[in-house]
Amino acid sequence: MKLKVENVEKFRKVIESCENPVYLTDNEVNRYGEYNLKLNLKSHLSFYLGVAELLKEHGDWFEIHASKSDEAKLMEFIVANDQANTED
């Protein structure tokens, strides 16, 4: 999923409103079955590192993982974000 984040502050608020950890991972898995990169976006430092990666040219190499209860909040943000980008 490529996530184009133009409103970083709104994205941060959505992440903070989640009840459980939200992770940004890369698509590469090491030989132990773990992601090479796994950032907990609820941490402020990890959030800004993760957003920096999403803003780079290769943002589609990353995935966001959340609990089932938090997925609705993230999907609502993603859909609204996509609609705003297509209207431009």
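Which residue in strand 2 is the bridge partner of Tyr23? In strand 2, that partner is Asn40.

## The model

This is a predicted model, in which local features need pLDDT of at least 70, side-chain atom pairs count only at pLDDT 80 or more, and totals for chains, interfaces and linings use all residues. Residues are numbered from 1 along each chain as its sequence is written, and side-chain values use heavy atoms, with hydrogens and water left out.

## Overall layout

The protein contains three helices and three strands. Along the sequence, these elements follow the pattern α-β-β-α-β-α. Helices (H or I, at least four residues) and strands (E, at least two) are DSSP runs, numbered from the N terminus.

Of the 88 residues, 30% count as buried. Buried means under 20% relative accessible area, exposed means over 50%, and partly exposed lies in between (1.4 Å probe, protein chains only). Among contacts with a separation of 6 or more, 66% come from residues 24 or more positions apart. A contact means heavy atoms within 4.5 Å.

The three strands form an open sheet in the order 2-1-3, with antiparallel pairing. Strand 2 (38–40) and strand 3 (62–65) are at the edges with a single partner strand each, so one side of each has no neighbour in the sheet. From one strand to the next, the twist averages 20°. Strands of a sheet pair through backbone hydrogen bonds, either parallel or antiparallel. Here, two strands count as paired if DSSP finds at least two bridges between them.

Strand 1 (residues 23–26) and strand 3 are joined in the antiparallel sense by four bridges. Leu24 has Ile64 as its bridge partner in strand 3, and Thr25 stands opposite Glu63 in strand 3. Three bridges join strand 1 to strand 2, and these two also run antiparallel.

## Helix 2 and the faces of strand 3

Helix 2 packs on the sheet and touches strand 1, strand 2 and strand 3. The direction of helix 2 makes about 130° with that of strand 2. For such angles, axes are lines fitted to C-alpha atoms, for helices over the stretch in contact, and the angles run from 0 to 180 degrees between N-to-C directions.

In a regular strand the side chains alternate between the two faces of the sheet. Strand 3 has a covered face with Phe62 and Ile64, and an uncovered face with Glu63 and His65.

Glu63 is found in strand 3. With a relative accessible area of 29%, Glu63 is partly exposed. Not counting residues up to four places away in sequence, Glu63 touches Tyr23, Leu24, Thr25, Asn27 and Tyr35. Glu63 and Asn27 are 36 residues apart in sequence, and their C-alpha atoms are 7.0 Å apart in space.

Pro21 sits in the loop between helix 1 and strand 1. Its relative accessibility is 38%, so Pro21 counts as partly exposed. Leaving aside neighbours within four places in sequence, Pro21 is in contact with Asn40, Lys42, His65, Ala66 and Ser67. Pro21 and Ser67 are 46 residues apart along the chain, with 7.6 Å between their C-alpha atoms.

## The cavity

The structure holds one cavity of 30 Å³ or more. On a 1 Å grid over the protein atoms alone, a cavity is a set of points where a 1.4 Å probe fits but cannot get out, and lining residues have an atom within 4 Å of a point. Grid points are joined across faces, edges and corners, and a volume is the space filled by probe spheres set on the points. The largest cavity has about 40 Å³ of space.

Its lining consists of Arg12, Glu16, Leu41, Lys42, Ser43, His44 and Phe47. Helix 1 (8–17) and helix 2 (44–55) are the elements that give two or more residues to this lining. The lining residues divide into two nonpolar, two polar and three charged. Ala, Val, Leu, Ile, Met, Phe, Trp, Tyr, Cys and Pro count as nonpolar, Asp, Glu, Lys and Arg as charged, and the others, Gly among them, as polar.

Arg12, one of the lining residues, lies in helix 1. Arg12 counts as buried because its relative accessibility is 15%. Leaving aside neighbours within four places in sequence, Arg12 is in contact with His44, Phe47 and Tyr48.

Terms used
1 Å grid on protein atoms, 1.4 Å probe; cavity = no way out; pocket = protein on both sides within 12 Å on 5 of 7 lines; lining within 4 Å.
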